[in-house]
Amino acid sequence: MKKVLVTCPPMLGLFSEFVEPAKNLGLELVAAQTTQVLTEEELIEQLPAFDGWIIGDDPATKQVFQAAVNGNLTAAVKWGIGVDNVDFEACKELNIPITNTPNMFGGEVADVAMSLLLGLTRQTHFIDREIRNSFGWPKPAGMSIEGKTVGVVGFGDIGEALVKRLSGFGVKVIAYDPGVIGNKGYSFVERAAFPERLAELDALMFTCALNKHNYHMLNADVIAQMKAGSLVVNVARGPLIDEQALIAALQTGHIAAAGLDVFEVEPLPTASLLRDMPQCIFGSHNGSNATEGVRRATYKALEEISKFFKDQ
């Protein structure tokens, strides 16, 4: 029986459901004590005792893998789509087989993106807060989505799922993704190279992977090109956005509001000025965490890591 540490919060949320199926694959799952990530020091201390690792958004650095492979670790799987936190080159150097689980929950993350956009345009979050916390009965004027122009950064699995959902709202979409050619058959989608045509957008939505080329792709200079009063939604990775620049734009009203499921530092620090932005909606990096999507990604992760062990 191979001992596997699980540090992925969505998988941990349904952990008991996967214990027996894992045993049938020769895997003993061990749940990490974490709500978001383990630190590099915690991983270096704990991982050497395990044969495998199902990784969440933890700092999967060369130092961590080196310590782990000096112990028992011989295989790993990155749960989910994003791999920006994992040093794949280090795994190659150390002969640790590793993969991720792409295309498992594009629809679930797109659902969250749509919910954030709808909440921002109709201010349902603000109304709810005022009724609950202030015993008010507010009636703010919202924004109709129909007829608006929405920018979607990332036209892969999540981005396309978002475009499908937007198709029923009568919008024009400008899609940004250098790795995708054409509009994938969606007549209402036009293509542009980021940051072109930002002044046309009523909302800018991020669904792309994070890499060394797009860190802080939404910065002060780029924000200055956006239409005054536009919206920002991010269900991808926090460091795509320069948070200080976004805060400044929210303070002036140049950006009217933001829906953020991800942040540069997670959990969101208590001192973050974003907490003073009542016009915004925040999530807990939870876009993929629907039961159906978690099951799909987890069974794929278990399948992949058990294959690695069989091949050794």
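This section describes pockets, cavities, a helix contact, salt bridges and backbone features in a predicted model.

The largest pocket holds about 950 Å³ of space. Its lining comprises 49 residues. I81, T207, C208, A209 and A236 lie nearest the centre of this pocket. By class, 23 of the lining residues are nonpolar, 19 are polar and seven are charged. Two helices, α1 (9-13) and α8 (157-166), each supply at least two residues of this lining. The largest share comes from α8, with three residues.

The second largest pocket has a volume of about 260 Å³. It is lined by 15 residues, and V37, D57, F263, E264 and E266 are the closest to its centre. Six of the lining residues are nonpolar, four are polar and five are charged.

The structure also contains two cavities of 30 Å³ or more. The largest cavity has a volume of about 50 Å³. Its lining is formed by L117, T121, M143, S144, I145, K148, V150, D202, A203 and L231. Of these residues, six are nonpolar, two are polar and two are charged. L117 and T121 of this lining fall within helix α6, which spans residues 106-122.

Helix α6 (residues 106-122) packs against helix α7 (residues 124-134) at an angle of about 65°. The two axes are 5 Å apart. The helices are therefore roughly perpendicular to each other. On the α6 side, the contact involves G119, L120 and R122. On the α7 side, T124, H125 and I127 take part. The contact residues comprise two nonpolar, three polar and one charged.

Q123 lies in the loop between α6 and α7. This residue has a positive phi of about 55°, although it is not a glycine.

Two cis peptide bonds can be described next to prolines. One runs from F194 to P195, with omega near 5°. P195 lies in the loop between β8 (189-191) and β9 (203-206). Another joins E266 and P267, where omega is about -5°.

The structure holds 16 salt bridges. One of them pairs E20 with K23, with the closest N and O atoms 3.5 Å apart. Both residues lie in helix α2 (residues 15-24). E20 and K23 are three residues apart, or about one turn of the helix.

Methods:
Residues numbered from 1 in each chain as written. Predicted model: local features only at pLDDT ≥ 70, side-chain atom pairs only at ≥ 80, totals over all residues. Heavy atoms only, no water. Axes fitted to C-alpha atoms, helices over the stretch in contact; angles between N-to-C directions. Helix = DSSP H or I, 4+ residues; strand = E, 2+ residues; numbered from the N terminus. Parallel < 35°, antiparallel > 145°, perpendicular 65-115°, else oblique. Contact = heavy atoms within 4.5 Å. Nonpolar A, V, L, I, M, F, W, Y, C, P; charged D, E, K, R; others polar. 1 Å grid on protein atoms, 1.4 Å probe; cavity = no way out; pocket = protein on both sides within 12 Å on 5 of 7 lines; lining within 4 Å. Points joined across faces, edges and corners; volume = space filled by probe spheres on them. Salt bridge = Lys/Arg side-chain N within 4 Å of Asp/Glu carboxyl O.
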